Amino acid sequence: MEKGALSPEVIRQQVMEAQSGNTGAFSRLYDFYFPQVYRYCAFRAPAEVAEDLVAEVFVKAWEKLHTYKVQKDIPFGAWLFRVARYTVIDAYRTSRTWEDLDETLEDPDTLNAADGMLHQKEVVRIVRKALNALPRRYRDVLVLHYIAGLPSDEVARVLRLSQGASRILKFRALKKLEQELPSEYREGRNKAALASFSPLQ
């Protein structure tokens, strides 16, 4: 589904229906959010476990759905990505074999296929390596914004920050990322390289 296919009002209605036990409503939420959650998990974890992680995220979301308060000023997407973020963190804690953001990990999203352009693959490898060198909070803000495609206000809520603090964190993360990139990839090209991962930008 396209990101704009469900309005905030429709999402709230679907959430309330799902909270009442309507599995069809939850299925519609699953279909809507699956691409973003999958992109997030596939970028943060080895490809062979990404699908299992996504399934775990949605199982946890279903089990905890009653704790989400529709009346609060927290969009469902932000709440769901908190679940996704902590699911990935927990998975890293329990696995001793993963290397965070493996630079050789292929992007599984066919929308990002390089169509034989070696340069695109090289950019992906270089950006992954640079992200791997960043502190976790910097990686989180960049991956949520550029990879998962969340709007700025939802990124702030996922990270439990004010929008101002989130913007500052993103700015600092981009500056740090630029320092980690080879010189030919600096001068603002880090944003373009990150944005190339997501058709949602």
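Is Asp 90 buried, partly exposed or exposed? Its relative accessible area is 34%, so Asp 90 is partly exposed. Keep in mind that this is a predicted model.

Asp 90 has a salt-bridge partner, Arg 93, with the two side chains meeting at 3.5 Å, N to O. They are 3 residues apart in helix H4, and therefore separated by about one helical turn. Arg 93 has a relative accessible area of 63%, so Arg 93 is exposed.

Now the helix itself. H4 runs over residues 76-94, and at 1.5 Å a residue its 19 residues should span 27 Å. H4 is mostly covered, with 15 of its 19 residues buried.

Lys 60 is found in helix H3, residues 47-64. Leaving aside neighbours within four places in sequence, Lys 60 is in contact with Val 83, Thr 87 and Asp 90. What does Lys 60 count as, buried or exposed? Its relative accessibility is 19%, and the cut-off for buried is under 20%, so Lys 60 counts as buried.

Next, the salt bridges. The count comes to 8. One of them joins the side chains of Asp 140 and Arg 85, at 2.8 Å, N to O. Asp 140 lies in helix H6, residues 136-147, and Arg 85 lies in helix H4, so this pair ties together parts that are 55 residues apart in sequence. Both ends are covered: Asp 140 counts as buried at 1% relative accessibility, and Arg 85 counts as buried at 13%. Arg 85 also lies over the face of Tyr 86, at 5.6 Å from the ring centre.

Over in helix H8, residues 163-180, Lys 176 and Glu 180 are 4 residues apart, about one helical turn. Their side chains meet in a salt bridge at 3.9 Å, N to O. Lys 176 is partly exposed, with a relative accessible area of 27%, and Glu 180 is partly exposed at 33%. Back at Asp 140, salt bridges that share partners join Arg 44, Arg 85 and Asp 140 into one network.

Last topic, the rings. A pair of aromatic rings is described by the distance of the centres and the angle of the planes. The structure holds 10 aromatic pairs. Take Phe 34 and Tyr 38: their centres are 5.7 Å apart and their planes are at 25°, so the pair is stacked. Both lie in helix H2, residues 23-44, 4 residues apart, about one turn of the helix. Phe 34 counts as partly exposed at 28% relative accessibility, whereas Tyr 38 counts as buried at 18%.

The rings of Tyr 68 and Trp 79 have centres 5.6 Å apart and planes at 50°, so that pair is tilted. Tyr 68 lies in the loop between H3 and H4 and Trp 79 in helix H4, so the pair ties together parts that are 11 residues apart in sequence. Both Tyr 68 and Trp 79 are buried. Ring pairs also link Tyr 68 and Trp 79 with Phe 32, Tyr 33 and Phe 76 into a cluster.

That is the end of my part.

Technical notes: Residues are numbered from 1 along each chain as its sequence is written. This is a predicted model: local features need pLDDT of at least 70, side-chain atom pairs count only at pLDDT 80 or more; totals for chains, interfaces and linings use all residues. Side-chain values use heavy atoms; hydrogens and water are left out. Helices (H or I, at least four residues) and strands (E, at least two) are DSSP runs, numbered from the N terminus. The expected span of a helix is 1.5 Å times one less than its number of residues. Buried means under 20% relative accessible area, exposed over 50%, partly exposed in between (1.4 Å probe, protein chains only). Contact means heavy atoms within 4.5 Å. Rings of Phe, Tyr and Trp (its six-membered ring) pair if their centres lie within 6.5 Å; planes under 30 degrees apart count as stacked, over 60 as edge-to-face and the rest as tilted. A charge sits over a ring if NZ of Lys or CZ of Arg is within 6 Å of the ring centre and within 35 degrees of the ring normal. A salt bridge is a side-chain nitrogen of Lys or Arg within 4 Å of a carboxyl oxygen of Asp or Glu.
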